[in-house]
Amino acid sequence: MAKNINKIKSTIPSWNLSDLYSGVNDARIERDLKNWLKRAIRFEKQYKGKINSPNLKAEKLAKALIGLEEISEQSSKPGYFAQLVFAADANETTRAFVKKIEEKTTEISKHLLFFDLELADLPEAAIKRFLKAPELKKYAHFVKVVRSFKRHKLSEAEEKIIADKDLTGASAFARLFEELTSNAKYDIAKGGKKQILNQSRILALLYSPDRESRRKAADSLSRGLKQNAKFHAFIYNTLVQDKAIEDRLRQYSYPQQARHLANEVSKEVVETIVGVCDRNRGLVSDYYALKRKILGYKELHDYDRYAPITAAEKKVGFEEAKDIILESFGKFSPEMAEIAQKFFDDGWIDAQPRDGKRGGAFCSFVTADLHPYVFLNFLGSRRDVMTLGHELGHAIHAWLARPKGYFSLGAPLVLCETASVFGEMLVFDALKNSATSPKEKVSLLCGKIEDIFASSFRQIIMYEFESEAHKTRGEKGELAVEAINDFWLRANRKMFGKSVRLGDDYKYWWMYIPHFIHTPFYVYAYSFGELLTLSLYAKYQKEGNAFIPKYLRLLEAGGSESPSRILSSFDIDISKREFWQGGMDVLKKMIEEAKANYKTVKR
Ligand SMILES: [Zn+2]
């Protein structure tokens, strides 16, 4: 058996990073860093004080932007290389390598900082005139984004004070949260003995097929969180208040405003998504009623939510996974399969599980003049096949956006997951269609439905929790542990209705979610991405082939436009409820399909 696994592993590819550098000792790394530092210093000399100037001409601004993009892109290569090397082999040496490169890159970027500030300060009339010039068309969105924060920027001196004081203020509290979380210990009884586990291990037990293990893990997590509740509440109160102070100074009129601005979405659009999730909550209850039946329980408890549906699963070899992906992509668009094929052929994928390799999966876009790299740990589960499809979706997105240039390579945050979720959906459909029994189909569908719940409904619940906490903290001052617990429990009970019994101690479970601490209100972006993609998928199913070229154009746009602009050229109006409902309808169909298949299993 062990021999068999090793044989499988040896056929799984690792990547070839030589398009970046030949290795950590490649002399070109030092040379490039030195060269681009020189270029950045020259750039600063050439343009500082001359961007925000009445003498600026469109031609000069365009020249400066081209120069800035080139320096930014080229000087980032050692950093990307270091990150990839570290992910593939995390150890003291590679960590130090990352750190060294980071310091040198920061040195370069310091000389470029003035540019954004001056660009933001340019008078509106001048900018309007410039953006009409054909040579600046390519940078129009980049310029708009830099300037969108103008109204909320403070003076340079004030910004410096905030940055300095943040180190001992908000960042220090965020760091305390990390310390508290990473050092937290949870005890659990196993075989008559007490076992001490860290948080990630206790959370992993919630996926155990054994109900008693899950129940004990949930109990243990609640107990541990409860012990630290006062600290968590204090940290959270402090950060919410810190944000309120900064929002006031920066003249934001409500807590979510800064996030919406960064995401380039309007308040109304976010509210529409929240409303659609609210109206479709019945789907959650509907699904968990089915899951309860499948598991054969009288009642579903909070610790049963992640219970696996089937235990045995057929392993998929890497070659087979590759075929499934190329075939499902190719059926959609031969161009997509062709691009994906390149990643397999040219060594741009690191899928081989190895000692020292980081966990998880990602796609690094790298630069527009090269190509993305895909990273994952392929162990042969169907989940891994979908992950590969997901990351290759990202890769295709970036590949198609390359002509837009380095500044527009990444899509706006809320569109970031479009191509990946879509790619995963294509692979999921292929796997589902090749399932040999209704039982296998049910298990696949349930896995996918739960994934969609996690990135749609659950994120909106978290967003509502945050909204309530920030609002109430603003109106009534410091929040007691019980008050925050109450927001959490109420928001979650709303989601699950009567389908899952959330125990009283579930009220403490807001305490371990890092997003609330590090990136307030970020969570809805996941919902946006998931529902958007499901809605697009619904459109594809309805429109058939006519959809495909439009979809590829959407990917080609990369980050060159705002989300609503990119989508409107696709005849999509994200302010319309009907569009988002289309995504929910796809989910609904999946739940119906799971139910229908389960009926035949039972027979
Ligand atoms: Zn992704």
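Biologist: How many Å apart are the end C-alpha atoms of helix 19, and what should its 20 residues span?

Modeller: Keeping in mind that this is a predicted model, the end C-alpha atoms of helix 19 are 29 Å apart, and at 1.5 Å a residue its 20 residues should span 28 Å, which agrees.

Biologist: And how many of its residues are buried?

Modeller: Helix 19 is mostly covered, with 19 of its 20 residues buried.

Biologist: Where does A411 lie, then?

Modeller: A411 sits in the loop between helix 19, residues 382-401, and helix 20, residues 418-433.

Biologist: Is A411 buried or exposed?

Modeller: A411 has a relative accessible area of 13%, and because buried means under 20%, A411 counts as buried. Setting aside residues up to four places away in sequence, A411 touches H397, C416, G558 and G559.

Biologist: How far apart in space are A411 and L587?

Modeller: From C-alpha to C-alpha, A411 and L587 are 25 Å apart in space, and along the sequence they are separated by 176 residues.

Biologist: Switching to helix 5, which of its residues are buried?

Modeller: In helix 5 the buried residues are T94, F97, V98, I101 and I108. Seen down the helix axis, the buried residues of helix 5 fall within an arc of 95°, so they line one face of the helix. As a general point, an α-helix has 3.6 residues a turn, so residues three or four places apart point the same way.

Biologist: What does that buried side pack against, and what is on the face turned away from it?

Modeller: The buried residues of helix 5 pack against helix 2 (27-47), helix 3 (58-75) and helix 4 (77-88), while the face turned away from the buried side carries the exposed residues E92 and E103.

Biologist: What about E107, where is that one?

Modeller: E107 is also placed in helix 5, and at 37% relative accessibility E107 counts as partly exposed. The C-alpha atoms of E107 and A40 are separated by 9.5 Å, although these two residues are 67 residues apart along the chain.

Biologist: What happens at the start of helix 5?

Modeller: There, a side-chain oxygen of N91 reaches to within 2.9 Å of the backbone nitrogen of T93. As for the length of helix 5, its 19 residues, 92-110, should span 27 Å at 1.5 Å a residue, and the end C-alpha atoms are 27 Å apart, which agrees.

Biologist: I also have K48 on screen; where does K48 lie and what is it in contact with?

Modeller: K48 lies in the loop between helix 2 and helix 3, and leaving aside neighbours within four places in sequence, K48 is in contact with F43, F114 and E118. At 47% relative accessibility K48 counts as partly exposed. The C-alpha atoms of K48 and L113, which are 65 residues apart along the chain, are separated by 9.8 Å.

Biologist: New topic: how do helix 16 and helix 21 cross?

Modeller: The axes of helix 16 (residues 282-295) and helix 21 (residues 438-455) come within 12 Å and cross at roughly 145°, and the crossing is left-handed. The contact is made by L283, V284, Y287, Y288, K291 and I294 of helix 16, together with V442, C446, I449, E450 and F453 of helix 21.

Biologist: And what does S499 touch?

Modeller: Not counting residues up to four places away in sequence, S499 touches V284, S285, Y288 and L300. S499 lies in the loop between helix 23 (481-496) and helix 24 (515-518) and is buried, with a relative accessible area of 13%. The backbone oxygen of F496 lies 2.6 Å from a polar atom of the S499 side chain.

Technical notes: Residues numbered from 1 in each chain as written. Predicted model: local features only at pLDDT ≥ 70, side-chain atom pairs only at ≥ 80, totals over all residues. Heavy atoms only, no water. Helix = DSSP H or I, 4+ residues; strand = E, 2+ residues; numbered from the N terminus. Buried < 20%, exposed > 50% of the residue type's maximum accessible area, 1.4 Å probe, protein only. Contact = heavy atoms within 4.5 Å. Expected span 1.5 Å × (residues − 1). Arc of directions from axis to C-beta. Polar contact = N/O pair within 3.5 Å; in protein donor to acceptor, adjacent residues only side chain to side chain. Axes fitted to C-alpha atoms, helices over the stretch in contact; angles between N-to-C directions. Left-handed = near helix turned anticlockwise from the far one by under 90°.
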